[in-house]
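Hi everyone, thanks for having me. Have a look at the model on the screen, and then I'll talk you through its pockets and its sheet.

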Amino acid sequence: MNLAMSQLPDDKSLATGLTSALAGAGSTTVSIVDRAANPHASTFPSEVVTCRLNDGDSIRLFCKYGTGGHDAHGHRGGVGYEAEVYRRVLAASELALPRFYGAAAAGPAAEVWLAIGYLEPCLRLRDSRDLCHWEQAAAWSGRFHAEQEARNREASLSFMIEYDAAYYAGWARRTAEFAAALDLDFPWLAQLCQRAQTTLLGLLEGPPTVIHGEYYPKNLLVNDGTIYPVDWESAALGRGEIDLATLTDRCDPEIILRCERAYQQARWPQGAPSHFTRALDLARLYVHLRWLGADPGPKLRRRAWRCEEVRVLGQRLELI
């Protein structure tokens, strides 16, 4: 049994936890009919659960289980945090999202279990070769950022992670430290990281919005031609261009161009602001530094290609 499977609750505990989680949806008891492994499980254990409600109806749920801290230097909030994002942020959105059934503190450690509607049939955007799907994903993000920008100072969002100067500086500092420790042959990197701690403050200019934080193609489901973003544990208040940068990370030029156009048209129908291109460059620089500054050791060597991307962006932003 792998680690993810070993962290799944037993049937009795799961039924008790889901009964608590779905209480707000009008169900008083939940019985488990079937359970299927989630082949895409990553940070947190998860599975697909078919259950029967007290009224006799059966539903399929995607269940995710909190299993301790995965802070990632302030980048990730965890399953309990994701549940609050569904409850206090996404519930007010008019865009397509999986149905949030509920969440509850359950299991021996009383960590949060999250239940959302399971979408089927669907594929992950990373597996789609239809450029229209990619454009739809970019447009979804643009509309979401426009919708949420007006809410960024609401009291209901006070619980959210907010990217600030210290947050951005931390990724640049760690990247320089890890690269130096591994003696990677990038003599320009230390200077770039030092200057980036100031330059990345450009991402704090202008009003923030709610961003997904990891709007990667693997976290975007396509169901009947509609885009459904999932895995919101890294949602934050930040610059919207960051989601566009993650969407197009390592993509072909044609996909990048079409996504940029779709995003701009969806977020700013009257025309994108003049600072958009620079903001997107800064967002891409941040994304590369977040990967490079996340984990010292062999992984950094395997991500050396990102250093070349950082060099190109650094030249464009006059950091080297």
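**Pockets and a sheet**

Let's start with the second largest pocket: by class, its lining has seven nonpolar, two polar and five charged residues. Here Ala, Val, Leu, Ile, Met, Phe, Trp, Tyr, Cys and Pro count as nonpolar, Asp, Glu, Lys and Arg as charged, and the others, Gly among them, as polar. Helix 11 gives the largest share of that lining, five residues.

Keep in mind that this is a predicted model: local features need pLDDT of at least 70, side-chain atom pairs pLDDT 80 or more, while totals for chains, interfaces and linings use all residues. Residues are numbered from 1 along each chain, and side-chain values use heavy atoms, without hydrogens and water.

What's a pocket? On a 1 Å grid over the protein atoms alone, a pocket is an open set of points where a 1.4 Å probe fits, with protein on both sides within 12 Å along at least five of seven lines; lining residues have an atom within 4 Å of a point. Nearest the centre of this one are Arg250, Ile256, Arg284, His288 and Glu309.

Now the sheet. It's open, with five strands in the order 1-2-3-5-4 and antiparallel pairing. Strand 4 pairs with strand 5 over six bridges.

Methods. Helices (H or I, at least four residues) and strands (E, at least two) are DSSP runs, numbered from the N terminus. Two strands pair if DSSP finds at least two bridges between them.
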